[in-house]
Amino acid sequence: MTESQAPFFPSEVPEYVQSNGDSRSRLNAHRSDYFRSLGLPGLKKRGHGLGSRSWIKIDQNGNSKILELDKATIMKHCSLPARDLRLLDPMFIYPSTILGRENAIVVSLEQIRCIITSDEVILMNSLDVAVVHYNSELCKRLQANKEQSDDLPFEFRALELALELTCMSLDAQVKELEMEIYPVLDELASSISTLNLEQVRRLKGQLLALTQRVQKVCDEIEHLMDDDGDMAEMYLTEKKQRREAFANNDMYDQSHNSINDRFGSKSAPVSPVGSSTGVRRLQRALSSVSSSKHGSLLSSTSGGENIDQLEMLLEAYFVVSDNTLNKLLSLKEYIDDTEDLINIKLGNVQNQLIQFELLLTGATFVATCFAVVTGVFGMNFKATIFNEPSAFDWVLVITGVLCGVLYVFLLIYIKHKKILSL
């Protein structure tokens, strides 16, 4: 029976007799320094678990630079919750997701994981080909569109490139799978072997995994198209301009209020009639300013509801992803047709074996009848038929003919019942 033991501390660690707070702090500090000197990896300071990651920051002019940012900095800069950043964590595998937030768009499409704001893209740095291609292509397009007027805002251009590269990558993978799987299926249809079956099983697993990835991208785009609220949240540039308009209008109101106070203080010595007239004019002017302010805000709000631009963008890539999904489904149907053909061939072979077994069973029955007759005459008993030397030969001939006739009648019966295709 084992006894519970107290935690072991080396003898080099001094123990203090005092029970006050100062002695406990010195003891804990001394023990932590001792274990840190031993180089134990499990002992860390609190707060050091959130390490920085490498990110690529791309601005509106197409300039990119690599930064080392931690989660807290990104959450504060982009106003994102921690659960959204978990979607971008390369340590976890999440399906493709596009989330529209107040100040950013969180994009996780295959290997492209980034945060898109109204004036910059924060891309997860990686040596993957898709990430490098996205970085170079986005910088190239932004630098090329400096002098050209583009109807799409910055966030939609970045989102469009992510969707474009993702759809192109998935379509290229589908084409590679088609080039690999069609010859294997044709060879399997002509020659059924264990090696061909193993290759088809492996390729079918890849097909199912790729179908799930394409289906998730297609469903995510369709979900965004069905929800007008989510699409309206993704107009980051318009929301930024709206916030700036709010701030400018508030500053304008504050300045007019200060002018009103000064005007009221300066017009105090004037006659009451003139003073009241000036105040009425000022109130009328302020009311017109407030009405124009509300009208501009309503127009911007109604503009935010106009989501045709984003809807057409998503619809174009939904068609591309749906076309890729249809290729995978047709490929799956071709595999199913090949499996059905193989099952039909195996069933045909099995039927031929059953027919051969039936014919062999009938022949065995006839031969057994012949053996029974010969066995009976081979018994040791006295009979007048044995007095003639050729009598037993006639018995064998007659028995053989009768057995042959019986077998022919058996075949005719089988053909009449359509048991065998003779």
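Axes are lines fitted to C-alpha atoms, for helices over the stretch in contact, and angles between N-to-C directions run from 0 to 180 degrees. In this predicted model, helix α6 (residues 194-226) packs with helix α10 (residues 308-377) at an angle of about 150°, the two axes being 9 Å apart. Because angles over 145 degrees count as roughly antiparallel, α6 is described as roughly antiparallel to α10. The crossing of α6 with α10 is left-handed. By class, the contact between α6 and α10 comprises 15 nonpolar, 4 polar and 7 charged residues.

A further helix pair is formed by α4 (residues 129-144) and α5 (residues 154-190), whose axes come within 10 Å and cross at roughly 140°. This angle makes α4 oblique to α5. The crossing in which α4 passes α5 is right-handed. On the α4 side, the contact is made by A130, H133, Y134, E137, L138, R141 and L142. On the α5 side, F154, R157, A158, L161, A162, E164 and L165 take part. Sorted by class, the contact of α4 with α5 has 9 nonpolar residues, 1 polar residue and 4 charged residues.

The largest nonpolar core has 59 residues, of which I116, V121, Y134 and L310 touch the most other members. Helix α5 gives the most to this core, contributing 16 residues. Leaving aside residues up to four places away in sequence, V121 touches I56, K57, I58, C114, I115, I116, Y134, L138, F154 and A158. A second, separate core has 14 residues, including L85, A104, I115 and M124.

Two non-glycine residues with positive phi were also noted in loops. S79 is not a glycine, yet has a positive phi of about 55°. This residue, S79, lies in the loop between α2 (71-78) and α3 (82-86). With a relative accessible area of 43%, S79 is partly exposed. E110, likewise not a glycine, has a positive phi of about 55°. The loop that holds E110 runs between β4 (105-109) and β5 (112-116).

Terms used: Residues are numbered from 1 along each chain as its sequence is written. This is a predicted model: local features need pLDDT of at least 70, side-chain atom pairs count only at pLDDT 80 or more; totals for chains, interfaces and linings use all residues. Side-chain values use heavy atoms; hydrogens and water are left out. Helices (H or I, at least four residues) and strands (E, at least two) are DSSP runs, numbered from the N terminus. Angles under 35 degrees count as roughly parallel, over 145 as roughly antiparallel, 65 to 115 as roughly perpendicular and the rest as oblique. A crossing is left-handed if the near helix is turned anticlockwise from the far one by less than a right angle, and right-handed if clockwise. Contact means heavy atoms within 4.5 Å. Ala, Val, Leu, Ile, Met, Phe, Trp, Tyr, Cys and Pro count as nonpolar, Asp, Glu, Lys and Arg as charged, and the others, Gly among them, as polar. A nonpolar core is a set of buried Ala, Val, Leu, Ile, Met, Phe, Trp, Tyr and Cys residues joined through side-chain atoms within 4.5 Å. Buried means under 20% relative accessible area, exposed over 50%, partly exposed in between (1.4 Å probe, protein chains only).
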